[in-house]
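Hi there,

Here is the structure I promised to pass on. Please open it alongside this email, and have a look around before you read my notes.

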Amino acid sequence: MEHIVILGNGISGITAARHIRKLSDKKITVVSAETEYFFSRTALMYVYMGHMKFEHTQPYENWFWKKNKINLKQGKVIQIQGAQNMLIFDNGETLSFDKLIVATGSKPNKFGWPGQDGKGVLGLYHKQDLETLEKVAPNNTVCKRAVIVGGGLIGIELAEMLRSRDIPVTFLVREKNFWDSVLPAGESEVINRHIRNHHIDLRLNTNLDKILLDDQGAAKGVVIKETQEVIECSVVGLTAGVSPNIQFLKDSDIETNRGVLVDDHLRTNIPSIYAIGDCAEQRTAIGNRNPVEAVWYTGRMMGEVVAQTLCGKPMKYKPGHWFNSAKFLDIEYQTYGWVFAKPKEHEKHFHWRHSDDTKCITINYNKDSLQFIGINTFGIRLRHEVFDRWLTQKKDVYYVIENLREANFDPEFYAHYEAEIKTAFKASHTVHTLHTN
Amino acid sequence: MKYTEHNLSLTGGNPPKSLTTSQKFAVVLGLTGLGIFILAITNYNFPNKSMWLAAALTAITSGIIWFSLAAYSHKTEGIKNDGVWFKSIANRGVWAWILGVVLTGFYIVLYFYPQFLGLRNEGDNTGLVGLFDPLSKILSGNPASQWFVYGTLYTIAILAFGFKFFLKYKHNRYEKLRTISVMFFQLAFAFLIPEFMARLNSDSFSLPYYDLKNIWPLNYYNFEQYRVDSFISAGSIGTGLLIFGIASIFIITPILTYKYGKRWYCSWVCGCGGLAETAGDPFRHLSDKSQTAWKIERWVVHSVVVFVTIMTTAVVHSYLGNDSSKYWLTKDLFLIGVGTLLTLVFALVMLFKRKELAKDAVYGAIGYFTLIIVLLALHFFGSDGNLFFFEAEKLRASYGFMIGAIFSGVVGTGFYPIFGNRVWCRFGCPMAAILGFQQRLFSRFRITTNGGQCISCGNCSTYCEMGIDVRAYAQKGENIVRSSCVGCGICSAVCPRGVLKLENDSMNGRINSNEILLGNDVDLMDYVNQGK
């Protein structure tokens, strides 16, 4: 019986394991150094906030794995011997495989800041990070202030977490506006204001110079690069993005760049070894997608695809229309298709914002053909299925504006904004209306 | 880790969970109101009962309102579950057990020892019941009973904690409207209207106490002899109410459940649901989500349906006559009617919905045949009002004791802080089971999953008061069509990614199991999802 070993029990690895089990009787072993059971990484924040207990982040009951004959092995792999199809663990144990799926995820970025390895300095990615945070920042008596470095999705989540325990937070963001490498300015500015409404000390255009440590090696403050201002704090959250967690592969014969290099079938240079999820890097980028996609959904999709390939139905990783979601404190965000921070050539943005400053949308379309390219939505839920269909059918922006109600996914009885959006769109597009008539 | 240890020893290193000063005062105010009741129970003789009763009710109500304002009024709109699992009362800690014991004790006294509350069959009420006499006299003209005391406190709980829930979900119109609805139905239908109806009663005209929204089989005693006699003797109004009672379960309920799912009742109208959604809301996350609990739930709740059907049939059968010339509905005609109805439902489900019920068909058949055997037994051996060796009245009394009192009251509400706020609705309520059966098979209601957007975080499952593992469906891109869902809408509210939406739509494609979620390769989706 073929033995498939999956390295990593995150969403990618577990999705692959589940689908391989559905399709075959192969022996499956999932190896993890982090936790015994699969949990939802994106839900770790809710454990610290007291919304859930850790066990609630586990999508399957503990009996599930045995019942489905998915072997779970806890251990840290330090080396992969591709030629011998062998894994070597830090305690000297070995495990041989017929096929290996590397799904080891990401690790937080550190950019060589002085003091970055001090006590109280942490990223927020692994379960162990959460445990550390619980120790260094249980409340605002132990942690009188925390400084977060890096204005992305994890940064704002960490800020929300700390604020849930009334810990004062200073949030250092290198960019002009929050996450403005991804979000158009109008949206970034809404989030800037929303962050400040939550009593978070947001510092834009601000870089970290160094982290100050006390004589016991614990963080006692940070220095701002631009002003050399010192901010006293006992916790420093490093949330300046993540990168593939593959340093243990550096000496192996598996080809890597930023991530493990894979072809369109998610295969590495060694035929029996595949890589999926955050740690994989496409040799050729797919459409507008980043060659390394560190997103829950793409990890899941790669798991779905690689299972087919390993079970005798070779499939290319050919994801459909881009989509993503996040939540910024109280404001939900969804995106379908592509909306870039700045319109590309031939693209135009239509931006609408509600007067309460917690809801807005941006529609990206081709200004020549009027084809709809993508939408960002804040504070209004939209239907994935409808936008996926409209993108496939290449609907134009007028169609989307006219039929926006069909795509609404807010709970029943919520106020609707389609009419207001339509009016705003018409007011700013009279020339086009004449043109198409 | 010297650094952290040092700090931990100073502070205990716990997350913040204590009440604000303002909330502490609010709790004291509310407890003062309850303290007046305790004094009344110890038979302290209040000089001016109306005034002390008003003071007690005002203190309790304003204590809850003050507490709620202190908790939510200064906060931004959004989900307010910070620290839920850190609080002793919300996480089965010492306070939860104390509250559970107090509530359970209260229910035991209420159901079985009302004399301790001051109920007197002869002479004036004393104690707590006596304290409520003035209010009861204003409303119905009669002295209070333990049920009037309970009804008043129940209504205040729904109104005051409803206000709290309203503030907590001030950003969510579905939750706000639903809460106004349960507050209205409790105040008007459960509390005021029956009291006013009692005012109409005279020596020549008498209606039984009737909460119009309380439908059989939740209202298991609605067709007992004394009530039916009373309805019939009250002329056209009484007959109208009797017909309304029958139409409620056989006509009105099926239509509304088809259109909106059982939520129209369970989380918008029902009094049990009303209390669970308001006073019970802080305990909703304590429901058991395991598959084992789901198995137990299905066995227990459907057994209650069978039990209540047998009990009601036997009771009605016991007081009907044999002579069709005296009254058209005879014992035999009634049994034939019940048997025909059951057979019709069973046959229709087996004909049209067998596929959807593949695994449960056997259990349905067991239930059906049990009922038919009982009907036959009644026919052959039940002429003296017995079912096998039990008198119908004994059956009724044991149902009332085990289900009506112990299950719905003592366990159902007393154990809120331990098992969550919907234990009765989930494991015990026969009405919920019947509506759920229809919701599962013949309703436009579902919770739609938004394509591939689920991140398996677990907030939906955690905050499902009915113990449904919502995430198990959402992460498969599958709509949630479950008989137990009461449509409270909290899964949708707490979802951080906008994945869940309660809605009424076409029956087609309502159940949409997917192996591969939306967003992946369309060829792969077609191959796997249609190829199976």
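Predicted model: local features only at pLDDT ≥ 70, side-chain atom pairs only at ≥ 80, totals over all residues.

Let me begin with the record. An unreviewed UniProt entry annotates residues 3-283 of chain A as "domain: FAD/NAD(P)-binding". In the model, that span is 20% helix and 28% strand, and its end C-alpha atoms are 27 Å apart.

Chain A has an open sheet of five strands with parallel pairing, and the strand order is 9-16-10-11-12. At its edges you will find strand 9 (121-122) and strand 12 (201-203) of chain A, each of which pairs on one side only.

**The antiparallel sheet in chain A**

Another open sheet of five strands in chain A runs in the order 21-22-25-24-23, and here the pairing is antiparallel. Strand 21 (323-328) and strand 23 (347-353) of chain A are the edge strands; each has a single partner strand, so one side of each has no neighbour in the sheet. On average, neighbouring strands of this sheet are turned by 10° against each other, direction ignored.

Within this sheet, strand 24 (residues 360-366) and strand 25 (residues 372-378) of chain A pair in the antiparallel sense over six bridges. A:Tyr365 has its bridge partner in strand 25 of chain A, namely A:Phe372. What packs on the sheet? Helix 8 (residues 384-392) of chain A does, touching strand 21, strand 22 (331-337) and strand 25 of chain A. The direction of helix 8 makes about 25° with that of strand 22 of chain A.

**A helix in chain B**

Helix 14 of chain B covers residues 361-381, 21 residues in total. From first C-alpha to last it reaches 30 Å, close to the 30 Å expected at 1.5 Å a residue. Which of its residues are buried? They are B:Leu371, B:Val374, B:Leu375 and B:Leu378. Viewed down the axis of helix 14 of chain B, these buried residues fall within an arc of 100°, so they line one face of the helix. The face turned away from that buried side carries exposed residues: B:Val362, B:Ala365, B:Ile366, B:Phe369, B:Ile373, B:Phe380 and B:Phe381.

Happy to go through any of this with you.

Best wishes

Note on methods
Residues numbered from 1 in each chain as written. Chains lettered and ligands numbered in written order. Pairing = 2+ DSSP bridges. Helix = DSSP H or I, 4+ residues; strand = E, 2+ residues; numbered from the N terminus. UniProt positions renumbered as here; feature names shortened; annotations may be inferred. Expected span 1.5 Å × (residues − 1). Buried ≥ 20, exposed ≤ 12 C-beta atoms within 10 Å, placed from the backbone. Arc of directions from axis to C-beta. Axes fitted to C-alpha atoms, helices over the stretch in contact; angles between N-to-C directions. Contact = placed C-beta atoms within 7 Å.
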